[in-house]
Amino acid sequence: MHIRIGTRSSRLAVWQAEYIQTLLQKEGLTSELVLIETKGDLVLDRSLAKIGSKGVFTQELEDQLRAGTIDIAVHSAKDLPSSLPSDLHLIAFTEREPASDVLVSRNKSLSLGGGEAFRIGTSSTRRVAMLRHYCPHITTVDMRGNLQTRLRKLDEGQCDALLLAYAGVHRMGYDDLIVERLPVAEFTPAVGQGSIAIEASIPSLDTHVSKTIIRLVNHEPTAACLRAERAFLARLEGGCSIPSFALAQWTDEKTISLTGGLVSLDGNQLLRETFVGASEEAPLLGHSLAEAILARGGDELLLQIREQI
Ligand SMILES: NCc1[nH]cc(CCC(=O)O)c1CC(=O)O
């Protein structure tokens, strides 16, 4: 069967969709890309938090899955809402790249630990809040748009550095611009960062084809980690606009360790916990982590964040 793959049209999204194409080719599955513009790509003058509704980067792809004009949709796992409508499923997650955030700049001497004041371009509420918490001497400049747009703004001097996911920088071949890799123990990444997800409409997608796609694309340790992280996010009912973070790590074939939490927008309050549990019960682990964070004051913090956003 020939697979129609829906993707956003940014260079990173197309790279990711082409990567999936190469995985599918290993068993002779041919495919084509269908480029789809989403609200998140078109509305660039407002922050994601202000665009608001869930699925800023996914809705238009889901519409086409339902209409049957594409067979699968490829997304950055990080861009997906924490819960999907019941007819749509995440059938596979690629092996995760290092999930960390990196500092990108033309100035090799910049470092967050240096105590030196400089400007970082980012519009992620998590990154802004984390910077306020760990690096109050840093100022942030609001910056939306795809990677190339942000790099152009960096070169125009709108900021001195960017804070980005290692995965996207690496996929685009910009490793040379990385001046610092941030420790995940402090700058814990967003849920899903570093993995690529495949979404399909079940039962529209042929069972045999979906099994083949899963076999060729899915990396089970990553998938278990993502199930834990996504259950955490679902319990917080947080989309990508909430400054929450979580990273699960596969410790051995039976166990995962999940660290995650919430940070207030001003950076003053940061809640973080680590839970270790059976990988088979990954969703339960995520749920328990969220309950612990909520019980420690996360419930109040969430209300406060939602009022401020
Ligand atoms: N919409 C932002 C987004 N979604 C996924 C990635 C990076 C790739 C990944 O995490 O797999 C990025 C860019 C960034 O945060 O720097």
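Q: Where is the place of Pro203?
A: Pro203 sits in the loop between strand 10 (196-201) and helix 8 (207-217). Helices (H or I, at least four residues) and strands (E, at least two) are DSSP runs, numbered from the N terminus. This is a predicted model: local features need pLDDT of at least 70, side-chain atom pairs count only at pLDDT 80 or more, and totals for chains, interfaces and linings use all residues. Residues are numbered from 1 along each chain as its sequence is written.

Q: What kind of peptide bond joins Ile202 and Pro203?
A: A cis bond, with omega about 10 degrees.

Q: How many helices and strands does the chain have?
A: The chain has 10 helices and 13 strands.

Q: What makes residues count as contacts of Arg227?
A: Two residues are in contact if their C-beta atoms, placed from the backbone, lie within 7 Å. Leaving aside neighbours within four places in sequence, Ala282 and Pro283 meet this for Arg227. Thr274 is 47 residues from Arg227 in sequence and 16 Å away in space, C-alpha to C-alpha.

Q: What makes a set of residues a nonpolar core, and which members of the largest one touch the most others?
A: A nonpolar core is a set of buried Ala, Val, Leu, Ile, Met, Phe, Trp, Tyr and Cys residues joined through C-beta atoms within 7 Å. The largest core has 76 residues, and Ile198, Ala228 and Phe232 touch the most other members. Helix 9 (residues 220-236) gives the most to this core, with nine residues. Leaving aside neighbours within four places in sequence, Ala228 has contacts that include Ala248, Ile256 and Leu258.

Q: Which residues surround the ligand?
A: Ser76, Lys78, Asp79, Leu164, Ala165, Ala167, Gly168, Gln193 and Gly194 surround the ligand. A residue is near a molecule or strand if its C-beta atom, placed from the backbone, lies within 6 Å of it. Strand 8 (161-165) and helix 7 (166-171) each supply at least two residues of this shell.

Q: Which domains each give at least three residues to the shell around the ligand?
A: Domain 1 (1-94 + 196-218) and domain 2 (101-181) each do. Domain bounds come from an automatic or database domain assignment. The chain also has domain 3 (220-309). The C-alpha centres of domain 1 and domain 3 lie 24 Å apart.

Q: How do you know that the radius of gyration of the chain agrees with a compact globule?
A: The radius is taken over C-alpha atoms, and the globule rule is 2.2 Å times the number of residues to the power 0.38. With 309 residues, a compact globule would have a radius near 19 Å; the chain has 19 Å, so the two agree.

Methods. Buried ≥ 20, exposed ≤ 12 C-beta atoms within 10 Å, placed from the backbone.
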